[in-house]
Amino acid sequence: TWENGTAKVEVSTTEEDYTIEYKINEGSWGELPGGTSGTIEGLQEGDTVHIRLTNGEQVGEEQTIEIKDEIAPSVVVTVTNPDTSKLTANVKAEDKESGMAESLTYTYYIKESSAQDYGEAEESNNSNTYTFSGLKQGTSYDIKVEVEGDKAGNKGTGEIKNQSTTTLPGGNTGVE
């Protein structure tokens with residue numbers, strides 16, 4: 001299981017007269033705290049945990065567990081300060097497993113809510129805020145943002161639908 005950027009693995013055996021030994025990556029073997037059951041903590045994305053049984057004189061077959069974060073980060077998109085021709089997307093990306101990388105790439109998409117698909121990306125950059133401009137007044141838009149950058153290389157996607165530009169008072173015809 002993952003918590004605050006590190007993983008932990010619970011191991012146990014029902015074999016009598018044996019204890020569990022483990023090592024992380026190419027480290028040295030040590031006895032599991034608790035001997036026959038316990039938790040190995042502080043593991044990082046990409047670590048390999050090696051586990052074996054021993055009776056003090058003999059050792060059993062080694063088992064391995066690879067620590068992988070296969071869960072995409074969560075991405076929340078909000079829109080602030082809509083006007084007649086602009087929508088500003090603000091993005092918050094969070095990864096509760098391996099954590100977010102130092103540098104993130106945000107890819108922004110927009111479409112009119114009535115359109116079927118997003119098509120090509122509007123913008124790709126390292127900023128968690130982007131302003132879509134040149135939009136039609138009083139029109140509903142959907143915005144999607146892909147974020148690359150948890151420490152395991154997973155990509156998360158967030159979407160917000162039905163975000164409308166405002167309407168210019170008295171400008172219902174011929175104004176975009």
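**Exercise 1. Take Thr 1 in this predicted model: is Thr 1 buried or exposed?**

Start with the relative accessible area, which is 63% for Thr 1. The cut-off for exposed is over 50%. Thr 1 is therefore exposed.

Now place Thr 1 on the chain: it belongs to the segment before strand S1 (2–3). Leaving aside residues up to four places away in sequence, the contacts of Thr 1 are Thr 6, Ala 7 and Lys 8. As for Glu 123, it is 122 residues away from Thr 1 along the chain, and their C-alpha atoms are 35 Å apart.

**Exercise 2. Work out the order of the four strands in the open sheet, and say which strands are at the edges.**

Read the order across the sheet: S11-S10-S13-S14. The pairing is antiparallel.

Next, look for strands that pair on one side only. Those are strand S11 (123–125) and strand S14 (155–164), so they are the edge strands by that rule.

To finish the picture, check the angle. On average, neighbouring strands here are turned by 15 degrees against each other, with direction ignored.

**Exercise 3. How many bridges join S13 to S14, and which residue in S14 is the bridge partner of Glu 148?**

Strand S13 covers residues 140–150. Eight bridges join S13 to S14, and the two run antiparallel. For Glu 148, go across to S14 and you land on its bridge partner, Lys 155.

**Exercise 4. Classify the aromatic pair of Tyr 106 and Tyr 108, then decide whether each residue is buried or exposed.**

Two values are needed here, because a pair of aromatic rings is described by the distance of the centres and the angle of the planes.

For Tyr 106 and Tyr 108, the centres are 6.5 Å apart and the planes are 20 degrees apart. Planes under 30 degrees apart count as stacked, and this pair is stacked.

Then turn to accessibility, where buried means under 20%. Tyr 106 has 8% relative accessibility, so it counts as buried. Tyr 108 has 0%, so it counts as buried too.

Searching the whole structure gives five aromatic pairs.

**Exercise 5. Which lysines lie over the rings of Tyr 118 and Tyr 109?**

Take Tyr 118: Lys 111 lies over its face, 5.5 Å from the ring centre. Then take Tyr 109: the charged end of Lys 144 sits over its ring, at 4.7 Å from the centre. The distance cut-off for a charge over a ring is within 6 Å.

How values were computed:
Residues numbered from 1 in each chain as written. Predicted model: local features only at pLDDT ≥ 70, side-chain atom pairs only at ≥ 80, totals over all residues. Heavy atoms only, no water. Axes fitted to C-alpha atoms, helices over the stretch in contact; angles between N-to-C directions. Phe/Tyr/Trp six-rings, centres within 6.5 Å; stacked < 30°, edge-to-face > 60°. Buried < 20%, exposed > 50% of the residue type's maximum accessible area, 1.4 Å probe, protein only. Lys NZ or Arg CZ within 6 Å of the ring centre and 35° of its normal. Contact = heavy atoms within 4.5 Å.
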